[in-house]
Structures are given as structure tokens and as C-alpha cells.
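Me: Hi! Could you walk me through this structure? I'd like to start with a helix and then move on to other spots.

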Amino acid sequence: MDRERGPPCFFSFFIFHFSFCILHWSSLIVAERKEKLLSVEQAVALIASGSSVALGGLGLYGAPMGVAREIVRQGKKELSLILSPGAGLQADLLIGAGCAREVLCSYIGFEDLGLAPAFRRAVESAKIEVFDADEAYVVFGLKAGAAGSPFFPLAEGMEGFDGARLNPKYFRVQDPRTGKSHLCVPAINPDVTVIHAGQCDPYGNVRHLGSRFTDCLMAKAARRRVIVSCDELISLEATQQEPQLTSVPGFIVDAVVHLPYGCHPTCSPSLYERDEEHLRAYLKQSATEEGFRRYLEEFVLRLNFPQYIERVGRGKISGLPAQGIDHGKSGSLHDS
Amino acid sequence: MEKAAAYTIPELIAVTLARHIEDGWLAVVGTASYEAAIACRLAQMTHAPNFTWLFGGIGAANPHLKPMPPSTADFRGIRGAEAVIGIDEVDDYELAGKVDLFFAGGIQIDRYGNLNLVCVGDYAKPRFRGPGSVGLPFLSRVKKVFIFTRMHNPRVFVNKVDFISGVGHLDGPGSRARAGLKEDDGPSLVVTNLAVMDFDGASKRMRLQSLHPGVSQASLIENTGFELLRAESVRVTQPPTDNELRLIREEIDTQGILQRI
């Protein structure tokens, strides 16, 4: 940035400075665009206990695990979780650790690997309030939230689902034009949305290196904050070269956390596989409450993010490169 | 018997589902559905080249699945696809009633084809908590439903589900119409590790069509928690042909997931 040289005398300085202020005031104020980079600790500090938090990813793919573990480490309580139509470890961990008061969900499980042990225990012992939703509730509720609409009326026939009767958040509205009554879902506006993507630039422009799941909708619907963790930090110039690849625009993102392997032990699409050995060990150990507590101690509470990666073995994770889709653009992750 | 091609039960399920897919349909395949995804691809490669299917979670339209990825949410499922759309867009088509066929399962399946993925026992205090309904409530917005499971036992095949995640024929004749649904839509096929069933047009109850090779009627009855109707002539399920098995193993499921699960 150009700096003005010192003036020859006080008077000329005054005149000069005065005119400078008039002519260049705005350029001085917006001298530098603000990067949104935060540490995972700083980003999670933005989440207040008691707030509603949407977690992105789908099943064991693209889950923001590094941020989820930090939420447990910072002892957040009474969260109201909003989950994508397929949530796995990210939900099970927060529920088992006692971070959540209630959960709006349509599926919590480990898909082909099994059921979610901590979630099951919490429900079977009535330790958590579950709002049994379906995929339509989550998706169309987020759509309404993203558009600032109060609710979304669903097409006819969706009331056959028992959740529509047992989950008090569903309601009916009569269309004044036809007199017909319609099942509706309320808008979903999470206080904070947390997603993980393969790449992001310092200003929050996100690139998913695979499917986007409900990540973009969750980001759009957030009331207050959007936190993005990413495996690879790319430059703004890289974003600008191919802006059509941006999946979430930076102007709705508040915090960018550069977190290589931030999905582990879930998969970051196109970058690394899910760590099945770790996931299966978690499921086995968490079959009992004591086992789950031990897992928390061993992998979450005692370790910050770099220590966790060290503990599970950086070499092992980077030895799990995802074969299959070559995006031709990533590659920095495993080199560093 | 000579030269009976050795096949696995999941392969038999996939082949049977594929044979019932009609050319020109649009189908959606959801979570944990290896057999259904492979059936879709097999149908396209055999009798239904104009059939379209969406791999739900990742939103892939007509992926080629060579090989079948380890999970239906896996990004590799988009290989060879013609389009990748968001979950929200898949849901648009489902809610708008544009989908002809949905593949579904459950922790409980009842005699009218209602499906439960939520709980066993009282909802407020369940004996067993399942994962949740995911996309099953969309069943009321699609025309046909193919039910499939590898768990044909009396805990899954119950007289009445404890929670309706996906509507079948509800309480029998007339009940779909009363709920504002088309009486003739809904579950039309059930394929399990033991048998193939459909639904009787008049009573809407599940009806045995064929037993898989080597399965006795006695064992089917023992493993079903309600009384099954019987078709006029109960047959033996036609095993996979050499060609079907070759297509599955060499052109689709090249990593042999259906031989492992």
C-alpha cells in the first residue's frame, strides 16, 4: 500500500492532509479486506451454550468432526442440534457427551456400520428430547429458513408419517382460497451452522469436492453465524479463476478454520477415506456408557486438534487417500 | 444339479428387484441400499435402458456404479453420472410426485407394507430406538414402492408396525383413499432373503409369490409374524441367470459387495 511521504512544513501538511482526507477517506477506511481465518478454539467460542446448531455432512461423509470435538472440549451445554438427513458420529458424540438438550433429526446412524450407540442410549433412557422429523422437514424447513419465510406447506399425503402426529413442531394451515388444510413445517434458522468442505479461501468462499448434501442450505438458513472448516486453504485468486466452483459464497460465512483432516474419522469427499477401523472401534467401545466415556477421554477431552491428529496417526490418515474422483485441483493436503 | 451358478442372497435380491423395474420409470435409491442401487443399474443394462434413477444422498443421476461404492453416501457414487443434484432438488422431485419408484426397508414391516425405522415398543419410551425415518415419509408421494430386506424374521415382519415411517396400505382396503392417497399406489413388491411377495389387490395384505430355492414354506411361516396370503401357485424364485450374474460381477459390483454383506 502506498504511504504518503512527510510534508515540508506544518501548513502545507495541514492543507495536504485535509485534502487527502476528503479525496481519499474511503480508501483509507477499507484499506484491507478482512480475512475470516480463526483457530478451531476461536471459532467454537462463537457458539453459545443453549443455541441451535446445524451440523453439515451426510452420514459418515463430510462431517465437521474437528469442530464437533472442540464443542465437546469447550463443554457447550443445552444445544439444540439440527441434523442433516443422515447424521453419524458428529451427532452421536455431542449427544453422548451431554452437549445437547434436544435434537431435530431424520436419521442418526452409522449406515452400513451400525446404529448410533450414544443416541440410542440417550433416547431409550429419555435423556434427550427428540423431534422426529423426516427428510422433508429438514430440507423444506431449511429452504423456508433460507428464504426468510415462516414455514413451508408440504404436498398432500405427507401426514401419513407418525412423526407428523407425534412431533409437535409440525402444524396445519388452512389455505383461505381452497379451504384445504395443509401439513406444514416451520422454518429452520439455526443460530450457528457448522460445515466442512474440501477447500475454502480466507474470505469464506467454499468449494465442495463432492456432493454438497444440505451444507449450502444450512449455511443460507443460519440466523447468526456460519463456521466452515476446510482441509485445504486456497487463495482468493484460485477462487476467482473458477468462481463457478464456489458452493457457498464467502459473504455469508463468518469463520474459516483451516483444519486438514478435519473430517476424520469420517470421509472428506475426494481427499481421504472414512477410517473404518477407527469407526468400528468407536462403535464397539461405545456399546456401553463406560466405553463411550473412555473414548471421550482418550480422543476428545484430552487432545486438542493437532494432538488428536498426532494420536490417530497423521501418516495413517494420509495413507487413506480417496481413490476414485480426480478433481485435479487438490493435492496440497497430503503434501504438507 | 449341474452347473447351477453360485450366487449370494443379496445378488438374488438385486436381480429380483431389477426384473420388476419398468422401462421409462424414475426411481430414487436411499441410504444403505446396495441391492436397490445395483438392481437399478442391472435393469438399465438389460430390459430398461430408458429407466432413470437417482442415488439419493449424493444426488447422482444414472451413475454407472463400477464399482459399487462402500456407502450410498459415498462421493464415488457419482462416477459416470449424467448430473449431480442437491438433496434439496431430489426432494423437490419426490415431494412434487414426479418419482415412480422408491426402494425402502425398515426395522419393522407389517402385513400391509407399512414401514418403521423409528422405534420398537412405545414411542415415548422405546425398547429399541432405530435410526429415524429419513426419506420414508416420501413414500406417500411416489407411485410404487419396492420393499427389500435381508432380515426376514418375526421381529421385522410384524402384524402392525409400532411407528409409521413410510405409509404402505395403512389399515387395508380404503384406508389409503381415506388418507388422501391413491388406493392403487404404494408397496407392490417385497423381496427378502427368503421369498418374494406382493400385495393382494382386494385385501391389500402381503401375499407370497415365490420361495427362494431351498426355502421351505414352514420356515417362511416361522419367520413371518403374521399370516401371509398365498398366490394361487407359489413358485420357486428364478435364480440369477448367468448373464445377470456376469453383469453384476463384471460390470457393476466389481468389488463384490453383494458377495460380502
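Reply: Happy to. One term to begin with: a residue is called buried when its relative accessible area is under 20%, and exposed when it is over 50%. Also keep in mind that this is a predicted model.

Me: Thanks. Which residues of helix α5 of chain A are buried?
Reply: In α5(A), residues 117–124, the buried ones are Pro117(A), Ala118(A), Phe119(A), Ala122(A) and Val123(A).

Me: And what do the buried residues of α5(A) pack against?
Reply: Within chain A they pack against α4 (89–96), β3 (100–105), β4 (129–132), α10 and α11 (289–301). Chain B joins in too, through its β9 (128–129).

Me: What follows α5(A)?
Reply: Ala126(A) follows the helix, and its phi is positive, near 55°.

Me: Let's switch to aromatics. How many aromatic pairs are there over all chains?
Reply: The structure has 15 of them, counting over all chains. Take Phe140(A) and Phe152(A): their ring centres are 4.8 Å apart and the planes make 45°, so this pair is tilted.

Me: Why tilted?
Reply: Planes under 30 degrees apart would count as stacked and over 60 as edge-to-face, so the rest are called tilted. The 45° between Phe140(A) and Phe152(A) therefore makes that pair tilted.

Me: Where do Phe140(A) and Phe152(A) sit in the chain?
Reply: Phe140(A) belongs to helix α6 (residues 135–146) and Phe152(A) to strand β5 (residues 151–153), both in chain A.

Me: Buried or exposed, what about Phe140(A)?
Reply: Phe140(A) is buried, at 2% relative accessible area. Phe152(A) has 24% relative accessibility, so it counts as partly exposed.

Me: Which residues form an aromatic cluster?
Reply: One cluster is made up of Phe110(A), Tyr282(A), Phe292(A), Tyr295(A), Phe299(A) and Tyr308(A). Tyr308(A) also has the charged end of Arg69(A) over its ring, 3.4 Å from the centre. Elsewhere, the charged end of Arg33(A) sits over the ring of Tyr203(A), 4.2 Å from its centre.

Me: Now, what about sheets? I'm curious about the one with β5.
Reply: That is an open sheet of 3 strands in chain A, ordered β5-β7-β6, with antiparallel pairing. Its edge strands are β5 and β6, each pairing on one side only. The average twist from one strand to the next is 40°.

Me: How many bridges join β6(A) to β7?
Reply: There are 4 bridges between β6(A) and β7 (residues 181–186) of chain A, and the two run antiparallel. Gln174(A) stands opposite Ser181(A) in β7(A).

Me: What packs on the sheet?
Reply: α6(A) does, touching β5 and β7 of chain A, and its direction makes about 80° with that of β7(A).

Me: Last one: where is Asn167(A)?
Reply: Asn167(A) is in the loop between α7 (163–166) and β6 (171–174) of chain A, and it is buried, at 1% relative accessible area.

Me: Which backbone atoms lie by the side chain of Asn167(A)?
Reply: A polar atom of the Asn167(A) side chain lies 3.2 Å from the backbone oxygen of Asp132(A). The backbone nitrogen of Lys169(A) lies 2.9 Å from a polar atom of that side chain.

Conventions: Residues are numbered from 1 along each chain as its sequence is written. Chains are lettered from A and ligands numbered from 1 in the order in which they are written. This is a predicted model: local features need pLDDT of at least 70, side-chain atom pairs count only at pLDDT 80 or more; totals for chains, interfaces and linings use all residues. Side-chain values use heavy atoms; hydrogens and water are left out. Rings of Phe, Tyr and Trp (its six-membered ring) pair if their centres lie within 6.5 Å; planes under 30 degrees apart count as stacked, over 60 as edge-to-face and the rest as tilted. Buried means under 20% relative accessible area, exposed over 50%, partly exposed in between (1.4 Å probe, protein chains only). A charge sits over a ring if NZ of Lys or CZ of Arg is within 6 Å of the ring centre and within 35 degrees of the ring normal. A polar contact is a pair of N or O atoms within 3.5 Å; within protein, one must be able to donate a hydrogen and the other to accept it, and residues adjacent in sequence count only if both atoms are side-chain atoms. Two strands pair if DSSP finds at least two bridges between them. Axes are lines fitted to C-alpha atoms, for helices over the stretch in contact, and angles run from 0 to 180 degrees between N-to-C directions. Contact means heavy atoms within 4.5 Å.
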